[in-house]
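Subject: Structure for you to look at

Hello,

I am passing on the structure below for you to work with. My notes on it follow.

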Amino acid sequence: MAESSMKDISLRIRSIKSTKQITKAMELVASSKLSKAKERIEKSRLFHTIVYNAMDDIIANNEEMSSPYLFRKDIKKSCYIVIAGDRGLAGGYNSNVFRFSTEQIGNKNINILPIGKRAVEFYRRQNYEIVTDEYSIIENLNIGSCHEIGNLLTDCYLKEEIDELYVIYTKFLSTLTQQPEIIKLLPLDHSITENQDIGKNSNRENILFEPSSGVVFNSIVPSYISGMLWSAVSESLASEFGARRTAMESASKNAQEMIDDLSLKYNRARQGSITQEITEIIAGSGL
Amino acid sequence: MNKFHLQIVTLDGMFYDGDARQVSLRTIHGDVAILAGHVPYVTAIGAGECRVYENDTDQPRRAACIGGFLSVTKEKVLIAATTFEWAEQIDYERAKKAKERAESILSSGDTAEYRREVAKIKLTRAKARLKVIENSKNIAVH
């Protein structure tokens, strides 16, 4: 009996050890990717803040409200870009994004552009209308693909196929904390709704658009959207690696604890079987 | 001469953050030069050379600046470009090859609208880059 339990324990130890090797390796991969992703968000975050504020300024000071980019009266259909990861094993990273987006979406009439394999699978399972699943691998997404998405959705917006555009991503606060967030990209009236009083009281300077505000907006809105999208993708990627690193770190720690525990049991069983053998031998020698 | 605060930012980070005397660049509407005290102004950037004059005496710093927008407010002048490369960062050989590739597509009689559009855009971008190098080093470009 003692021998079979010893064998069982040593088998379990071996299997946990190999699991630990995998989680350890994933932890290392995630942390090396994380440091690259962190460099990327430092750059894109700068762009994000400056351009977002500049856009706010431009819109708050623009008196001509005829541009289709600024106002949309009837919101019939909204489009959500949801950014999640390609793989699981990242703690609650993916499910947090989905839970947050389900809350945000509510009962609206929407379609979705999922980014990341998990997002594509999730929304296909939920039978949402999907704009395109071309961008399913988030790690392969480059600035060019963000421009494609920006142009595609701006087109849809101008053709009135969609009336609102949001992006849901995960903001990277630190390696330990990531927060799902939503940004409204179109129409561009966020500053007006949020800063209504400020807009009225501050001495508004009328901005000169050349050649005209229509032409300028036509040209800068797609690149504004792709820029915002790129920074959202960068944040999400960093969050994914951060979440995976933390999850794998605790998995490795748990594995080590289990190994320690089982080793103790194994040694005890070994000791027990030796003691028993000695007792048997002494008893058998007929002293 | 008066100076103003100039910021040049792209998705690859900040390229310039400091005072300048004049900045000239190509918009979709033609070339503009911005001096201190300019009225609040917004325009879309085309594809061309951007020159930053830091001091009265200095030669301008040249860069290829493509896409995005230029905004002038009371506080600062902001260039939020899609592509921004200082002359010394531009890969001359690569731009030259890109120009040849685009030209061969355009002259090959490939009639697919989409490919021609892309080739045209690539050609303007490559030309803008080559022009910057030509201007800063006086290399003849054929």
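What is the handedness of the crossing of H1(B) and H2(B)? The crossing is left-handed, the term for a near helix turned anticlockwise from the far one by less than a right angle, with right-handed used if it is clockwise.

Before the rest, two points on how to read this. The model is predicted, and local features need pLDDT of at least 70, side-chain atom pairs count only at pLDDT 80 or more, and totals for chains, interfaces and linings use all residues. Residues are numbered from 1 along each chain as its sequence is written, while chains are lettered from A and ligands numbered from 1 in the order in which they are written.

Chain B

The two helices in that crossing are H1 (residues 92–107) and H2 (residues 113–137) of chain B. Helices (H or I, at least four residues) and strands (E, at least two) are DSSP runs, numbered from the N terminus. H1(B) and H2(B) pack at an angle of about 145°, and their axes are 8 Å apart. Axes are lines fitted to C-alpha atoms, for helices over the stretch in contact, and angles run from 0 to 180 degrees between N-to-C directions. Residues of H1(B) that meet H2(B) include B:Tyr92, B:Ala95 and B:Leu106; on the H2(B) side, B:Leu123, B:Leu130 and B:Ile133 are among them.

Eight residues of domain 1 of chain B are in contact with nine residues of domain 2 of chain B, where contact means that the C-beta atoms, placed from the backbone, lie within 7 Å. On the domain 1 side, strands S6 (47–53) and S7 (61–72) of chain B each give two or more residues. S7(B) supplies the largest share, four residues.

Strands pair if DSSP finds at least two bridges between them. B:Gln7 has B:Asp17 as its bridge partner in S2(B), and the hairpin from S1(B) to S2(B) passes through two residues.

Chain A

Chain A has seven helices and five strands, in the order α-β-α-β-α-α-β-β-α-α-β-α from the N terminus. Its C-alpha trace spans about 110 × 35 × 35 Å along the principal axes. The radius of gyration of chain A is 28 Å, whereas a compact globule of 287 residues would have one near 19 Å; the radius is taken over C-alpha atoms, and the globule rule is 2.2 Å times the number of residues to the power 0.38.

Domain 1 of chain A is made of two segments (2–25 + 248–285), and domain 2 covers 40–246. Their centres, over C-alpha atoms, are 53 Å apart.

Four strands of chain A form an open sheet with mixed pairing, in the order S2-S1-S3-S4. S2 (110–115) and S4 (178–186) of chain A are the edge strands, each pairing on one side only. From one strand to the next the twist averages 20°. S1 (residues 78–83) of chain A runs parallel to S2(A), with six bridges joining them. Helix H2 (residues 93–105) of chain A packs on the sheet and touches S1, S2, S3 (164–172) and S4 of chain A; its direction makes about 150° with that of S3(A).

Regards

Methods
Domain bounds come from an automatic or database domain assignment. Two residues are in contact if their C-beta atoms, placed from the backbone, lie within 7 Å.
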